[in-house]
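The report below follows selected side chains through the model and asks how they are placed and what they pair with. Please read it alongside the sequence and the coordinates.

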Amino acid sequence: MPHSQTSAPRGSVRLARGASPWLLPTVATAALSLVRARRSRRAAAAAVPATALAAGMLWFFRDPEREITQGRVISPADGVVQSIMPWKDGRTRVAIFMSPLNVHVNRAPLAGTVTSVEHIPGGFVPAFNKESENNERVVWHFDTELGDIEMVQIAGAVARRIVPYVPQGTKLEQGERIGLIRFGSRVDIYLPEGVEVAVEVGQTTTAGVTRIDRD
């Protein structure tokens, strides 16, 4: 049976850590515009887009509770499988594209220990572009029962900040929250040699729920 990562009720939603710099000013502006809307039509007109933007931000930064699926490797991200590529060293890279409408919180694909978290500066081209290989990114390595697992969070044209939640040395449960990519982008996971991929290009994945490998 699947296990729940937290004691929070299934289906409950909280706001993602790291959302405050974007969310608080937007909500404050919307609240102020609504107060002023009672006094003038011009303020009322301005309140409409401000409120819509605040509602959009609340949606973008949602962080729902999940019942974590059992399996050796589970998806670290909500999104669509963009590519599945064999690597020269025998590993297989599964790239998951995250749109601005997806949940932006990423989760640990396996239980294990974080052996490194490396931030690499770079560009901000759209994540579906081949040149996004040189984008701003955070490279994770986990020591797991399958050995070293590499995962890469890649920023896109809009997502210009990756927020890691845990430092090197942290012991993680499978499906535990590990970081946020603001406004979506791409997450790559490298499966070890001999591990068969269970997803296919174009398939929708859910972080902590969709299994990536096959027995």
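Threonine 92 is found in strand 6, where strands (E, at least two residues) and helices (H or I, at least four residues) are DSSP runs numbered from the N terminus. This is a predicted model, in which local features need pLDDT of at least 70 and side-chain atom pairs count only at pLDDT 80 or more, whereas totals for chains, interfaces and linings use all residues. Residues are numbered from 1 along each chain as its sequence is written, and side-chain values use heavy atoms, with hydrogens and water left out.

With a relative accessible area of 16%, threonine 92 is buried; buried means under 20% relative accessible area, exposed means over 50%, and partly exposed lies in between (1.4 Å probe, protein chains only). Its contacts (heavy atoms within 4.5 Å), leaving aside neighbours within four places in sequence, are with Ile84, Met85, Pro86, Ile189, Tyr190, Leu191 and Val197.

**Aromatic pairs**

Two aromatic pairs are present in the structure. Rings of Phe, Tyr and Trp (its six-membered ring) pair if their centres lie within 6.5 Å, and planes under 30 degrees apart count as stacked, over 60 as edge-to-face and the rest as tilted. The pair of tryptophan 87 and tyrosine 190 is edge-to-face, because the ring centres are 5.4 Å apart and the planes stand at 75°. Since tryptophan 87 lies in the loop between strand 5 (79-86) and strand 6 (92-97), while tyrosine 190 belongs to strand 14 (residues 186-191), this pair ties together parts that are 103 residues apart in sequence. Tryptophan 87 counts as partly exposed at 30% relative accessibility, whereas tyrosine 190, at 7%, counts as buried. The rings of tryptophan 140 and phenylalanine 142 have their centres 5.9 Å apart and their planes at 10°, so that pair is stacked. Both tryptophan 140 and phenylalanine 142 are buried.

**Isoleucine 154**

Isoleucine 154, found in strand 10 (residues 147-154), is buried with a relative accessible area of 2%. Between isoleucine 154 and valine 138 there are 6.7 Å in space, C-alpha to C-alpha, and the two are 16 residues apart in sequence.

**Salt bridges**

Side chains of opposite charge can pair when their charged atoms come close. The structure holds 11 salt bridges, each being a side-chain nitrogen of Lys or Arg within 4 Å of a carboxyl oxygen of Asp or Glu. Among them are the following.

| Salt bridge | N to O distance |
|---|---|
| Aspartate 63 and arginine 177 | 2.7 Å |
| Glutamate 65 and arginine 177 | 3.4 Å |
| Arginine 66 and aspartate 78 | 2.9 Å |

Aspartate 63 lies in strand 3 (residues 62-64) and arginine 177 in strand 13 (residues 177-181), so their bridge ties together parts that are 114 residues apart in sequence. The bridge of glutamate 65 also links distant parts of the chain, from the loop between strand 3 and strand 4 (67-68) to arginine 177 in strand 13, 112 residues apart. Aspartate 63 is buried at a relative accessible area of 2%, arginine 177 at 6% and glutamate 65 at 10%.

Arginine 66 lies in the loop between strand 3 and strand 4, and aspartate 78 in the loop between strand 4 and strand 5, so the pair ties together parts that are 12 residues apart in sequence. Arginine 66 counts as buried at 13% relative accessibility, and aspartate 78 is buried with a relative accessible area of 8%. A network of salt bridges links Arg72, Arg211, Asp213 and Asp215.
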